[in-house]
Amino acid sequence: MPDNLVDHPRYGRRPRITGCDLRGDNLGLDPSWKYTIDDVTIIPDTGIRADVSKQHGSAIPIYVYYDVLKTCVDCRRPFIFFAEEQRYWFETLGFANDANCIRCVECRKKQQTDDRVNSEYQQLLKKEEKSWEDFHDLANAALDLHVLGRFKRMDRIRHYFNQIPDSEHHRLRIKQLKERIKKVEQVIAPQPAARFESDSEDGGKPQPESKTGSL
Ligand SMILES: [Zn+2]
C-alpha cells in the first residue's frame with residue numbers, strides 16, 4: 001500500500017481484509033465488471049457480498065464489493081474506495097451502481113463546501129431587492145469562491161462593496177470586508193493596491209452607486 005493514502009474518517013486508511021475473494025470462482029457472473037470499467041486496482045481478500053435487490057443503475061448488478069485503490073482526480077493522492085463505502089453508496093444512498101468515485105473523501109468534502117458557497121452566492125444574486133447585508137454577503141461569498149478558484153471578477157466584488165452605504169451601525173463590518181478584499185487583491189497582484197470609490201484610512205464611506213460596476 002502507498003504510505004500517503006488518504007485517511008477516511010469512517011473507514012481508516014488500511015484495507016479491510018475479509019478473506020472473501022470470489023474473482024477466481026466460476027460463478028457464471030462477473031463480480032468485478034465495475035472495477036474493470038472504473039480502471040482501479042482491486043485489493044485482494046477484501047470482498048463483501050452485495051444485496052443486489054437494493055441496487056439500481058446498470059443492468060448487471062455488482063455481486064461483490066471490494067476495497068479498491070484509486071487516485072484522486074483533484075489532489076492526485078491514492079485513496080481506498082472501501083467495499084463497505086460502496087455498499088453504503090449503492091444500497092443505502094441509492095446511487096446508481098455504475099457511479100464512479102473519482103475524488104478522495106477530503107476532496108469530496110471540499111467540493112461540497114464549494115458547491116454550498118456557490119449556491120449561497122447564486123441565491124443572493126437572484127434576490128431582486130438587495131439589502132446592504134445582501135451586498136455584504138455577496139461580496140464575502142464571491143471572495144470565498146475566488147479563494148476556491150471559482151470566481152475571477154474582482155471588479156464585481158468591488159461593485160458589491162460599493163453598494164453598501166456607510167453607517168455607524170455596520171462600519172466595522174465594512175472595514176473588515178474592505179480589508180479582506182485588499183488582502184485578496186494583494187495576492188493576485190501586489191501592485192496596484194485595491195481601488196475603491198472612497199478609500200480613506202478610516203474605512204471611509206463607499207458611494208451607493210459604483211461607476212465601475214459591471215452588473
Ligand atoms: Zn483528493
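The pLDDT is the predictor's confidence in each residue, on a scale from 0 to 100. In this predicted model, local features require a pLDDT of at least 70 and side-chain atom pairs count only at 80 or more, while totals for chains, interfaces and linings use all residues. Residue numbers start from 1 along each chain as its sequence is written. The protein chain has a mean pLDDT of 83, and 82% of its residues reach 70 or more. Residues 198-215 fall below 50. Beyond near neighbours in sequence, this stretch has 33 contacts in the model (C-beta atoms, placed from the backbone, within 7 Å).

Six helices and five strands make up the elements of the protein chain (DSSP runs numbered from the N terminus; helices are H or I with at least four residues, strands E with at least two). Their order along the sequence is α-β-β-β-β-β-α-α-α-α-α. Of the contacts with a separation of 6 or more, 64% join residues 24 or more positions apart.

The axes of helix H4 (residues 132-147) and helix H6 (residues 171-188) come within 11 Å and cross at roughly 25 degrees. Axes are lines fitted to C-alpha atoms, for helices over the stretch in contact, with angles from 0 to 180 degrees between N-to-C directions. H4 is therefore roughly parallel to H6 (angles under 35 degrees). His136, Ala139, Asn140, Leu143 and His146 of H4 make the contact with Arg173, Leu177, Arg180, Ile181 and Val184 of H6. By class, this contact has five nonpolar, three polar and two charged residues (Ala, Val, Leu, Ile, Met, Phe, Trp, Tyr, Cys and Pro count as nonpolar; Asp, Glu, Lys and Arg as charged; the others, Gly among them, as polar).

Terms used. Two residues are in contact if their C-beta atoms, placed from the backbone, lie within 7 Å. Angles under 35 degrees count as roughly parallel, over 145 as roughly antiparallel, 65 to 115 as roughly perpendicular and the rest as oblique.
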